[in-house]
Amino acid sequence: MSNGVHEIEDAKLLFVFGYNGADSHPIVARRIVRAKRKGAQIICVDPRRIETARIADLHIQLRNGSNLALVNSIAHVIIEEGLCDDKFIAEHSLGFDEFKELAAKYTPESVAEITQVSPEDIRRAARMYATSGQSMILYGMGVCQFAQAVNVVKGLANLAIMTGNFGRWGVGIGPVRGQNNVQGACDMGALPNSYPGYQNVTVPEIQAKFEKAWGVALSNKVGIPLTQVPHYVLHESEEKKIRAYYVFGEDPAQSDPDLAEVRESLSKIELVILQDIYMNRTGQYADVILPSTGWNEHDGVFSCCDRGFQRIRKVIEPPADADVLTDWEIISRISTAIGYPMKYDNTEQIWNEVIELCPGFYGATYEKLDKYVNIQWPCRSRDLSDKGTSFLHKDGHFANPDGKAKFSSIDWQPPTELENDEYPLILSTAREVGHYSVRTMSGNCRLLRNLEDEPGWVQMNPELCDELGVKHGELVKVLSKRGHCVARCLPTDRVKKQAVYMTYQWWIGACNELTIASLDPISNTPEYKYCACRVEKIADQAWAEKYVQDEYLNIRQSMGIELKKIGGRAA
Amino acid sequence: MNHYVQGDPLLCIGCRTCTIACVVAHEGKRIFEIDPDGYDFHPRLKVIKTWSVSVPIQCKHCENPACKAVCRSDAISTMDGKVLIDQAKCIGCKSCAEACPFGAIRMVALGFEVNPDGSRRSVALKCDLCDGLEGGPACKRVCPTEALRLVDEDGLSHSLTLKRQNTLKAASAPELCGRPQP
Amino acid sequence: MSIKEVQTTCAYCGAGCQILFKVDPERNQILEAVPAMGRTNEGTLCLKGHYGWDYINDPQILTKRLKKPMIRRGGKGAPLEEVSWDEAIDYTATKLKEIKTKHGPDSIMCTGSARGAGNEANYVMQKFARAAVGTNNVDHCARI
């Protein structure tokens, strides 16, 4: 995020685009509520009537998959009505003339059909955003999980640049990162194109710096993104194939799109190593399982969504009968065994190596993290007075070499797999507020399990339910070209009739059996928010209930839960 | 005046932290150390989501409670500004659940008591304002957006005053008042 | 009973809430999660922050806690067998070296973890991929 979470409540206008904070980050959503209380206006862009939409001054319930058409049209109005910050554009950006040409095509009338939004609402949104004086954009997976995703992010950045909403308190654009340490894994260079601190692997000086620090020759060839692993296993030529897959704290056999393809690729990889705390679906394909310590059992640093480094501390010891090691010890031992010795005594030693190599993190020592609790990078000086940076691009200085922001001029593209006669509905996947990721943590918590359990819900418009003759709580079959699953019907007028929503946490209601592995060409993020599906009534509900119960028991057993330990209710 | 917990739909984000807090408050913290199926998960409030509203629904602790009026087994009483159900006396007739104008009473299989046919015995359950628990209603304490408040006489009078002022503001045009609105 | 208090960062989402855990060190048992005054959470927590630490108790609900290294000694399809750390590390290293020698470093893919492991473990993992294996094939679930 360009600006801090704590700044959200000081914005005069929040433009919340494809971001459902109430379900994905309740404590960030709290700031949206506080902003409203303090008098901020809110525009919510989402096909669903999400919680933010309820309190918004303007809810733009756009058609799924029309993001860039809407964003470009808002830019069109801002230009047409002379609401640009011309000084900011002239001094701090490049490419505006080209962008103006593109935006000229996107009249609100011309996108009305694509977006299903009235021209008046588009004009109103543009005026509200451009004239508040302090507008902040928050976006989430409703932007990122499309085959056209990065370009929508750039489109949103265009809006912030052209109105001068960058480089000040309470403005900017905020991708609110989902998992607790997505920001941190990126910061640390768990990315195929960058070393820690976003230092590009293809830049010779940077390569030389890391070669010197690590004492070994390094590759300057950009690596393979995670979502292309199935392709590199199943479809690449022999010399390019992936043969070994070291999976660390993830569960691709649950979280990735088109699970049938993921399973096929996992079963074909010569060596699958799984390093985790709980057995998961990927573990069933693993050749080696390396048990590690969990959160609360080890020390370290996390990065929260707004670049804030914070300490994590060992709270308790691992169970007495568990022969587990910390993740970094396991990796170091394997590294040593294959001929590159790594030896650390504690996480502070590792962290000191990290910050020494990353100028933007250099000042964030353990000492300062203990003292200040949270330090947002960049923090370049070890001096105690450098407490980090709340917002980026101060005074309009951007991170590009010339210091300028770049407009990007891109046309809207429709999603990859559109509805058709056989699969007439849109499937969009979402998150469960009480569960997390692949559920190996939250699903093993008694109370969160009680709140929501298998097989999960499919949110459907009541009219659609009537047409299909299905009622609240009934089990239904959801199908796409790639697979099917069973989930419970949840009628709600908060979703449009043309789209259904499922949360991705479930084994039995596993919506990723259905999703499509269509990737954004830049981010390689799959189009989880859009594929064609169909919902079918199940006539024999008794059979379906038994199927769900039996399947649940079977999977849990295959995950190492002993039957006698499965509670009375289910067994 | 009886107290009650009131949710504000403009602040509620529907996250249901209150729902779990209610269970934990009434079951006790040992939940985390016992058999995962060795306790009852029966929240005494229910978060309802409609097109325009998300808010937990729970007992209003009425001054002349309809539930109490219809109870045949003398299980419902008013004490210290709270309406309470004595589950030991409840015969499971469901009249109170039907009578409650807010749908704030649920019938649940509480504990492991069984009927003669082997099924678990259902009794009426509702918010007791965390009667006897330190710190007051748990739902209110954990709400991350401060959407829940305990309404007492002062609180009610304050919010009614605000409401009256707002009504007046909305009804009176600036020209009639002779000065611009704030 | 002496109660130990440890402040840490929640592992459930990008909000980065500060939690104060109350622990019974003798029984190695967490007693309670109390919201702490972090910059982002200001003394509030959501349901996962309040109640989502229970998995650490290994209540045997969904999946088994992994407690011993395991390998499929008999290859694909064979059952997983518990082994010592030395054997697990040796087995993994031998296999990785074989694959690297035969097919080159780019035939090996590693992931970081966006979850509870922490920044240091991610740093070590990418260093392992780049310096020990010799590939930039390292990525994590940021893109999913």
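Tutor: In chain C, 62% of the 144 residues count as buried (20 or more other C-beta atoms within 10 Å of a residue's own; 12 or fewer is exposed, and in between is partly exposed; C-beta atoms are placed from the backbone). The model is predicted: local features need pLDDT of at least 70 and side-chain atom pairs pLDDT 80 or more, whereas totals for chains, interfaces and linings use all residues. Residues are numbered from 1 along each chain as its sequence is written, with chains lettered from A and ligands numbered from 1 in the order written.

Student: Which secondary structure elements make up chain C?

Tutor: Chain C contains three helices and seven strands (DSSP runs numbered from the N terminus: H or I of at least four residues, E of at least two). Along the sequence, their pattern is β-β-β-α-β-β-α-β-α-β. With a radius of gyration of 20 Å, well over the 15 Å that the globule rule gives for 144 residues, chain C is more spread out than a compact globule (taken over C-alpha atoms; the rule is 2.2 Å times the number of residues to the power 0.38). The C-alpha trace of chain C spans about 55 × 30 × 25 Å along its principal axes. Of the contacts in chain C between residues at least 6 apart in sequence, 31% join residues at least 24 apart (a contact has C-beta atoms within 7 Å).

Student: Where is confidence lowest in chain B, and where is it highest?

Tutor: Where pLDDT is low, the predicted coordinates should not be read in detail. Chain B averages a pLDDT of 90, with 93% of the residues scoring at least 70 (the predictor's confidence in each residue, from 0 to 100). Within chain B, helix H6 (residues 174-177) has the lowest mean, 53, and helix H3 (residues 95-99) the highest, 98.

Student: How many residues does each chain give to the contact between chains A and B?

Tutor: Chain A contributes 21 residues and chain B contributes 20 residues. On the chain A side, helices H2 (26-37), H3 (51-55) and H19 (446-451) each supply at least two residues. H2(A) gives the most, five residues. That side of chain A comprises nine nonpolar, four polar and eight charged residues (nonpolar: Ala, Val, Leu, Ile, Met, Phe, Trp, Tyr, Cys and Pro; charged: Asp, Glu, Lys and Arg; polar: the others, Gly among them).

Student: Which residues have the most contacts inside the largest nonpolar core?

Tutor: In soluble globular proteins, nonpolar side chains tend to be buried together. Here the largest nonpolar core has 258 residues, and A:Leu14, A:Val16, A:Ile74, A:Leu156 and A:Val500 have the most contacts inside it (buried Ala, Val, Leu, Ile, Met, Phe, Trp, Tyr and Cys joined through C-beta atoms within 7 Å). Leaving aside residues up to four places away in sequence, A:Val500 touches A:Leu425, A:Leu427, A:Val458, A:Gln459, A:Met460, A:Val495, A:Cys533 and A:Val535.

Student: What covers the buried residues of helix H16 of chain A?

Tutor: Helix H16 (residues 327-337) of chain A has eight of its 11 residues buried, so it is largely enclosed by the rest of the structure. Among the buried residues of H16(A) are A:Trp328, A:Ile330, A:Ile331 and A:Arg333. Their cover includes strands E9 (244-248), E10 (271-276) and E11 (288-291) and helix H17 (347-357) of chain A, together with helices H2 (85-103) and H3 (119-133) of chain C. After H16(A) comes A:Gly339, with a positive phi near 110°.

Definitions and conventions. Contact = placed C-beta atoms within 7 Å.
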